[in-house]
Amino acid sequence: MYFEPYDIIVVGAGHAGCEAAAAAANMDSKVLLITMDLRLMASMSCNPAMGGIAKGQIVREIDAMGGYSGIVSDRTMIQFRMLNKSKGPAMWSPRCQSDKMMFSAEWRSMLEKTPNVDFWQDTVVGLLVNGDQIKGVKTLMGGEIESKAVILTNGTFLNGLIHIGEQHFSGGRMGEVASHGISEQLKELGFEVKRLKTGTPVRIDGRTIDFSRLVEQKGDDEVVGFSYTEPFKITKQRSCWIAHTSLKVHETLRKGFKYSPMFNGRIQGVGPRYCPSIEDKIERFSGKDSHQLFVEPEGWTTEEYYLNGFSSSLPDYIQYEALRQIEGFENAKIYRPGYAIEYDYFPPEQLHHSLETRRIHGLYFAGQINGTTGYEEAACQGMMSGINANLALRNDKPLVLSRYEAYIGVLIDDLITKGVDEPYRMFTSRAEHRILLRQDNADARLTEMSYSMGLAKKDRYQKLLEKKKHVAEIKNFLNENYVYPDQINGLLEQKESTKIEQKMKMSYLLLRPQINLSEMIEVLPSLEQYKSQDRFIRECLEEAEIQIKYDSYIQKEDELADKLRRLENVKLPKDFDFHSIQSLSYESREKLNRYQPETLGQASRISGISPADINVLAIFLGR
């Protein structure tokens, strides 16, 4: 079949590939999205959920910039929870359960409605490369399709190998073939290729679970959602449930350890530290008698349940026996066993911060191919690669988000300056400036920037301006108006906060940790104008309250970020030989040559590079 040349070809339609195609097309690139199966776009191959600790912040950042993940999550949501609400707002993290079949169908629908995106169902088996420039791709059907840029988002499909006990077979996901050829070609071109592994648990028939013996976990009464632009419409939610393993379960699982590919050496790839298999948890935490499990529904109309925390590569009969020893699962039947999968990835220090490879111009990597784990981590990389591929075609400089601008910036900087020796997962603890990177202010941080380069649309930008105006008005009102003792002392007494003896500015009272704005609105007649069920108004009130309560902390973080910003502005020579600077330690020279940081700030974050090394570099640069 003959294809017209494309601006950008995206290989793989997982979460990274879908966001890459959407971003590039919405910035007016002509895009071809190639996938093995058009029915499984943005498939939730592991747990049917989006968001969570730090991941929820990433989804909101994607939405703030005009990506689709937040909108699709909201439209297909079956439960919503704001995690860490008992902590400060820097830790609040939205999370939802999704209908996995609806999620995939909605992603496909949105992409099919996006101008400039074409689709082709095929397998990419090689790349067209001329010297150090990408020229397109080769497919299994024999096609050679030309393009100016290629984005690889192959997930777990590159030489994927599935393990269940002593059985192992080729596959990218259960029931789907692996992809061969790309890794081998890139290795020949000088790329370093390594192996990682991940896993997934059994899927259970909900009709055979005794939910009366589990702990119910309902969704929040107030559903915030992810998208800043779409009115939220969910009217009912499905519950999740909590179960626990026991010593008896552990003993049964141990019987299968001798058959486990993880323990007998058949799996060479390193697994995720923060989402280990159940056998790994039993081995590493041998002193624990029980582990918590989350029983999660996979959709509105299915009885299939996902047992979060029970990932396993043990023989299927061992998994089944152990499952039936968990309270509430005595009669459980399963749809399919858990399995582990090994796959190729490319250590991400081989990339620029734009996610373009250092060796081949116009070739970008995004998602698990870079050693990350999780839909959200993949999706944001996909969006950034789509943006930067488009900017490169315009001859514009790449968009590189800093660590104080976005969790997306933290993630990409971690990958490239620190590398990956196990599947990378985002946490709030990875962000030094998390008080600045809250889930509530992602639009204020990123929408204007995205709008200026052509991704975020005008209506999204106008909504941001409207929100900023309302927040400023609320803050001004609270800063200029007073509350009197007879109006507020009842609430203060109830909250065990010191009563006031004279009038006090509302904003000053709001600094007390025991007092929140919604309670003040209920008791103060002058705030009655802010009683509203409108989601937009509630968001503005919450944003104003956070800015007032945490103003001093935010200012301190801004000052620290400004110091870092100066380092980020100091450019290092391209392809510089750091061995020529003899005053650097040998280890520092080795690492600087390997990672080739583009700025002094990036160099400062490479493991093993000391402040003294940074001073040497600064002197060398004449700073």
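In which strand does asparagine 308 lie? Asparagine 308 belongs to strand β16, which covers residues 304-311. The structure is a predicted model. Two packed helices are described by the angle between their axes and the distance between the axes.

**Asparagine 308**

- Asparagine 308 has a relative accessibility of 18% and therefore counts as buried, since buried means under 20%.
- When neighbours within four places in sequence are left aside, asparagine 308 is in contact with Asn47, Arg95, Leu293, Phe294 and Glu296.

**Helices α9 and α10**

- Helix α9 comprises residues 375-393 and helix α10 comprises residues 407-418; their axes come within 10 Å and cross at roughly 90 degrees.
- The two helices α9 and α10 are therefore roughly perpendicular to each other.
- On the α9 side, the contact is made by Glu377, Cys380, Gln381, Met383 and Met384, and on the α10 side by Ile408, Leu411, Ile412 and Leu415.
- Seven nonpolar residues, one polar residue and one charged residue form this contact of α9 with α10.

**Helices α11 and α12**

- The axes of helix α11 (residues 442-453) and helix α12 (residues 458-480) cross at roughly 140 degrees and come within 10 Å.
- The crossing of α11 and α12 is left-handed.
- Helix α11 contributes Asp443, Ala444, Thr447, Glu448 and Tyr451 to the contact, while helix α12 contributes Lys458, Arg460, Tyr461, Leu464, Lys467 and Lys468.
- By class, the contact of α11 with α12 contains six charged, four nonpolar and one polar residue.

Definitions and conventions
Residues numbered from 1 in each chain as written. Predicted model: local features only at pLDDT ≥ 70, side-chain atom pairs only at ≥ 80, totals over all residues. Heavy atoms only, no water. Axes fitted to C-alpha atoms, helices over the stretch in contact; angles between N-to-C directions. Helix = DSSP H or I, 4+ residues; strand = E, 2+ residues; numbered from the N terminus. Left-handed = near helix turned anticlockwise from the far one by under 90°. Contact = heavy atoms within 4.5 Å. Nonpolar A, V, L, I, M, F, W, Y, C, P; charged D, E, K, R; others polar. Parallel < 35°, antiparallel > 145°, perpendicular 65-115°, else oblique. Buried < 20%, exposed > 50% of the residue type's maximum accessible area, 1.4 Å probe, protein only.
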